[in-house]
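Please read it beside the sequence and the structure shown here.

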Amino acid sequence: MRLSDLLRVSILQLVRHRRRYWGVMLAIALGTAGFITIITMGRDLKENFNRDLELLGRATLIKVYFEKLPAYSHQRFNESTLEALRHLTGVRSVSLAVHAWTQSNHQGQLYPVTIFGVDESFWEVCGLSSQKGKLHNLEDNTVHKRAIVLGPELARTLFGNDNVVGSKLEIQENLYTVTGVLKDVGLGDLRQFSFIPFSTAQDRIQGISPANRIYLRCLTWDDVEKVAPKIPKVIQASQFVQGLKVEVAWDQVNRVKAVAWWVELFIYSSVAATLILGGAGIWTVMMAAVRSRTREIGLKKAMGAEDQAIMAQFLAEAVCLSFTASLAGSFLGLVAVEVTSILINSHPGQGLFIICVAMGLLVAVVLGVAAGLYPSLQASRMEVVSAIRYE
Amino acid sequence: MNSLNPPEQANGRPLIQVERLSKHYSNGRGVIPVLRGINLKVNPGEMVAVMGPSGSGKSTLLFILGLLLPASSGNYQFLGQDVLNLTRGDQAEFRRRRVGFVFQNCDLFENSTVYENLEFPLVYAKVDRQERPGRIAAALEKVNLGHRIYHPANQLSGGERQRVAVARALVNHPRVILADEPTGQLDRQHGNMVLEHFAQIVASGDTALVIVTHDGQVAERCHRVFSMEDGILYEN
């Protein structure tokens with residue numbers, strides 16, 4: 001039997017018996033769509049989940065600083081070191097900070113404050129946003145603006161409330177305009193801190209530390225394990241330093257990973273279960289097809305069909321069934337990926353989608369062959385006379 | 001195991017020559033004989049009827065002649081070649097190239113058109129796609145059903161269905177047509193029509209017909225009539 005005839009006959013059989021097959025096709029299509037969506041969008045979803053998770057904890061934030069010993073106190077990180085860290089695989093963004101402890105003066109009231117000089121990346125790195133006003137941007141750093149962002153608790157301590165955007169605060173005889181107040185979610189100690197542009201801090205704050213603190217945000221919690229051990233090597237390759245400390249919230253990373261592992265296990269199990277059900281469905285409908293078409297098999301053998309031709313026909317039907325369902329699933333997957341991309345504002349790689357579709361179709365062929373093999377063997381081994389006489 | 005010879009002319013030889021052919025089944029408690037020492041010779045262009053009561057072994061003989069069932073013992077030569085010991089693949093080839101079957105129940109593929117029903121034997125014989133429409137049309141013309149070529153099989157009348165089955169048996173130009181009660185489910189008029197088609201086909205001289213029937217009127221139209229009783233074949 002020629003391949004073109006085999007495919008044509010199999011597709012015709014599927015079309016003519018479509019009512020028998022649609023349930024199985026739906027299961028396989030949904031399984032394939034789920035597989036494609038999860039694989040294609042998995043990393044983007046993880047990144048988004050990660051970003052949101054920063055509100056609750058600091059699982060992917062790595063802090064790099066020097067040991068607090070007099071011998072190391074003069075050391076600072078170079079711009080080239082920062083650049084090298086930015087290029088590490090798995091790093092989303094990097095920020096350099098300076099800090100000092102000083103006093104603020106508001107209407108003659110003196111109050112001790114911890115002040116941070118931060119660059120424009122700091123907010124993204126630490127997952128911070130403002131509830132009032134705005135956060136420092138590149139321009140504020142470029143013009144050495146005397147602007148200050150307050151932690152919400154500090155704002156309430158100094159001014160009695162947090163509607164303080166536009167208010168003035170004196171630090172070391174310089175007046176700063178309050179331009180923003182941080183959102184009071186998951187801030188920890190930062191509630192009591194104040195933040196001015198990095199350049200302004202270096203210009204105007206006496207006793208400011210050298211640039212000895214780097215905050216580094218990884219793309220996902222999986223990246224933390226890979227990035228953290230590389231940091232000392234990258235820094236040493238760029239500048240000579242001593243007493244380097246890399247701080248990772250391992251406890252949080254491990255807890256998040258454990259939760260994510262269970263979620264992933266659940267999702268993959270669901271997809272696998274759908275595909276297994278699809279495979280079992282193919283097996284069942286093909287067995288039923290062999291039974292209901294017993295006379296047809298006998299007739300075809302009487303016409304001179306060889307055992308292999310009968311086997312090939314039922315196997316081709318099973319493969320066409322799962323392949324067509326998987327093709328429909330790929331289309332559904334494409335729609336799901338597009339919709340999810342819009343919802344989470346992400347742009348997954350096209351190459352990954354194509355690989356997933358190819359894998360989905362390959363799995364469908366394997367599933368079709370595996371599930372259709374036994375029914376096809378049964379059909380091919382039928383004795384002609386008993387098949388013809390089957391009622 | 002033998003292999004099947006290429007198709008050849010009869011050159012005066014019988015198409016079918018069966019000698020001392022026996023078939024029995026074992027059921028664990030003993031042996032049940034179905035055919036006992038059958039001798040049969042069928043020449044090209046001959047119409048042969050086998051009559052007998054139900055269970056006498058008529059259909060079993062037909063199935064053995066079409067290599068659908070193995071014989072227990074005896075000889076079976078088709079155009080001088082021993083065909084009882086062919087491999088499974090060669091048996092299929094024998095059915096493709098030499099035999100056309102017509103069964104009692106007008107067994108067509110219900111979800112297919114008339115064209116597709118006739119195309120299957122050509123598909124298995126690996127006939128070129130371009131050649132198929134001509135052969136299918138020619139076979140349908142022989143049974144006066146050329147106008148039904150693309151009709152769904154399940155919308156045909158009983159007589160038309162049996163004529164399509166005859167056309168399907170003819171499409172691969174077989175040397176022998178083996179028909180098991182081909183008019184059993186047809187009224188007299190349609191039965192006669194089918195027999196008329198058989199007579200015309202056999203009249204060409206190359207093809208023979210072996211027909212199993214209960215119907216004496218069907219047997220009357222054949223050149224020779226055999227009776228089967230308890231697995232023994234007698235020529236009337």
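In helix H5 of chain B, the residues B:Gly158, B:Gly159, B:Gln162, B:Arg163, B:Val166 and B:Leu170 meet B:His190, B:Met193, B:Val194, B:His197 and B:Ile201 of H6(B), where a contact requires that the C-beta atoms of two residues, placed from the backbone, lie within 7 Å. Helices (H or I, at least four residues) and strands (E, at least two) are DSSP runs, numbered from the N terminus. The model is a predicted one, in which local features need pLDDT of at least 70 and side-chain atom pairs count only at pLDDT 80 or more, whereas totals for chains, interfaces and linings use all residues. Residues are numbered from 1 along each chain as its sequence is written, while chains are lettered from A and ligands numbered from 1 in the order in which they are written.

By class, the residues of the contact of H5(B) with H6(B) divide into 5 nonpolar, 5 polar and 1 charged, with Ala, Val, Leu, Ile, Met, Phe, Trp, Tyr, Cys and Pro counted as nonpolar, Asp, Glu, Lys and Arg as charged, and the others, Gly among them, as polar. H6(B) spans residues 188-203, and its axis lies 9 Å from that of H5(B), at an angle of about 15°. Axes are lines fitted to C-alpha atoms, for helices over the stretch in contact, and the angles run from 0 to 180 degrees between N-to-C directions. H5(B) and H6(B) are therefore roughly parallel to each other, given that angles under 35 degrees count as roughly parallel, over 145 as roughly antiparallel, 65 to 115 as roughly perpendicular and the rest as oblique. Their crossing is right-handed, a term used if the near helix is turned clockwise from the far one by less than a right angle, anticlockwise being left-handed.

In chain A, the axes of helix H3 (residues 79-86) and helix H9 (residues 230-238) come within 9 Å and cross at roughly 140°, which makes H3(A) oblique to H9(A). H3(A) likewise passes H9(A) in a right-handed crossing. The contact is made by A:Ser80, A:Thr81, A:Ala84 and A:Leu85 of H3(A) together with A:Ile231, A:Val234, A:Ile235 and A:Ser238 of H9(A), and by class these comprise 5 nonpolar, 3 polar and no charged residues.

## The sheet of chain B

Chain B has 7 helices and 10 strands. S6(B) runs parallel to S7(B) (residues 176-180), to which 4 bridges join it, and B:Gly100 has B:Ile177 in S7(B) as its bridge partner.

## Single residues

A residue is buried if 20 or more other C-beta atoms lie within 10 Å of its own, exposed if 12 or fewer, and partly exposed in between, the C-beta atoms being placed from the backbone. Buried residues make up 47% of the 236 residues in chain B.

| Residue | Other C-beta atoms within 10 Å | Class |
|---|---|---|
| B:Ile64 | 25 atoms | buried |
| B:Leu67 | 25 atoms | buried |

B:Ile64 is placed in helix H1 (residues 58-65) of chain B and touches B:Leu21, B:Lys23, B:Leu69 and B:Ala71, not counting residues up to four places away in sequence. B:Leu67 is in the loop between H1 and strand S4 (73-78) of chain B, and has a positive phi of about 55° although it is not a glycine. In chain A, A:Gln172 lies in the loop between strand S6 (168-171) and strand S7 (174-182), and its phi is near 50°, a positive value in a residue other than glycine.

## Where the chains touch

The contact between the chains takes 18 residues from chain A and 21 residues from chain B. On the side of chain A, H1 (3-16), H11 (294-302), H12 (307-344) and H14 (384-388) each supply at least two residues, and the largest share, 5 residues, comes from H11(A).

Methods
Pairing = 2+ DSSP bridges.
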